Amino acid sequence: MSHTFQHSQPIYTQIMDIFIQRICRGELRPGDKLPSVRDSAVEVGVNPNTIQRSYMEMERRGVVETKRGQGTFVTTDIELLEHLRQELARNQILLFLQSMKQLGYSSHDIMNMINCSMHTKEDTKS
Amino acid sequence: MSLITFEQVHYKKVLHDLSFSVPHAGIIGLIGANGSGKSTLLHLIAGLARPSQGRICLNGQMISRHRRELVAFSPEHEWLYPFNTVQQSIRLAAGLNTDFQNDKAEALMHRFQLDGSKRVEQLSKGNRAKLQAILTLSRSAPLLIMDEPLSGLDPITREHLLEMMAEHTELEKQSIIVSTHEVAEIELYLDHLIFLQEGRLLVSENVENLRESRNMSVLDVMREALL
């Protein structure tokens, strides 16, 4: 997971986003153990305290849980994870709609364009 | 309690009226141009020089001389004996420092593929820098100080050294101060930043706070401070 960070935002929130995306994609499954803080720090190329902070923040949100002496694990609360995934998706859609509105497209135009892009994408796939 | 406290510290004509404190912060970056007083500041913290005026406390105790059990100091110039082998260098460091962890040094030596039987003078510059870092990181003193550990090294070696610090400083009970002018490279590894300019303190702050409160990278903060 090599990453370029936006240096103007806290790194720990950006790392948290990366982990949450991996969980949503299913790369990290419910109940899976997260890499140790040190391993993650070396892998991502940041300070271990930063990783620690992002683990703590994810724990506060209930995405992961820390078991004393064993490590940090993805929650087995599938409902919570699904909820989180939908929330992230909704945010992305809102961001997208906002940019499109700024370009002056109506909802109708946007729907048409999405349909069109989806078709072309499927065509190139087959 | 703070790790380091400076109270109105002056040192000759090098440092002027420094007052700040650093919490037990993990990895601390000391940034500044050449001649800004970084090395002098580190010598003062290590108890290797005394302030002309003011007080410096380490872990709440005023420091008046160098104490090996409190500080592991790695100076800027190369300090290994060229005629010693890697193994002998490790043994010497173990003999000099009661807090030296032999097993850690051995493990790091293998991890970074240093040949124990090679003499220091036969090592590349990068490997000598790694050996110095290993000898420092194998100490269990609460404060490790490394003066310009990255200077003059290639990018890959610098990255290895930064990884080594992130992985092997015992951040639960140790802090490390690293001086450098390579800000962009070290930024992600830092907890706390101290920024000196011409012997005066411009910034001493937690790095994530800087990003959060000012929406700026460390580099931006430095640029702004210099304008």
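Q: How many residues of chain A are in contact with chain B, and how many of chain B with chain A?
A: In this predicted model, 16 residues of chain A are in contact with 22 residues of chain B. Contact means heavy atoms within 4.5 Å.

Q: What are the ground rules for the numbering and the model?
A: Residues are numbered from 1 along each chain as its sequence is written, and chains are lettered from A and ligands numbered from 1 in the order in which they are written. Local features need pLDDT of at least 70, side-chain atom pairs count only at pLDDT 80 or more, totals for chains, interfaces and linings use all residues, and side-chain values use heavy atoms, with hydrogens and water left out.

Q: OK. What area do chain A and chain B bury between them?
A: About 1600 Å², 50% of it on carbon and sulfur atoms. Buried area is the accessible area (1.4 Å probe) that two parts lose on being put together, summed over both.

Q: Which residues in chain A lose the most area to chain B?
A: His7(A), Arg38(A) and Val42(A), together 36% of what that side buries.

Q: How many salt bridges are there between the chains?
A: Between chain A and chain B the count is 2. A salt bridge is a side-chain nitrogen of Lys or Arg within 4 Å of a carboxyl oxygen of Asp or Glu. Arg38(A) and Glu172(B) meet in one, at 3.4 Å from N to O.

Q: And over all chains, how many salt bridges?
A: 22 in the whole structure. One joins Arg85(A) and Glu82(A), whose closest N and O atoms are 3.8 Å apart. These two are 3 residues apart in helix H4 (residues 78-102) of chain A, so about one helical turn separates Arg85(A) from Glu82(A). Helices (H or I, at least four residues) are DSSP runs, numbered from the N terminus.

Q: New topic. At what angle do helices H2 and H3 of chain B pack?
A: H2 (residues 86-96) and H3 (residues 102-111) of chain B pack at about 155 degrees, with their axes 10 Å apart. Axes are lines fitted to C-alpha atoms over the stretch in contact, and angles run from 0 to 180 degrees between N-to-C directions. H2(B) is therefore roughly antiparallel to H3(B), a word used for angles over 145 degrees.

Q: Which residues of H2(B) make the contact?
A: Val86(B), Gln87(B), Ile90(B) and Ala94(B), which meet Asn102(B), Ala105(B), Glu106(B) and Met109(B) of H3(B).

Technical notes
Angles under 35 degrees count as roughly parallel, over 145 as roughly antiparallel, 65 to 115 as roughly perpendicular and the rest as oblique.
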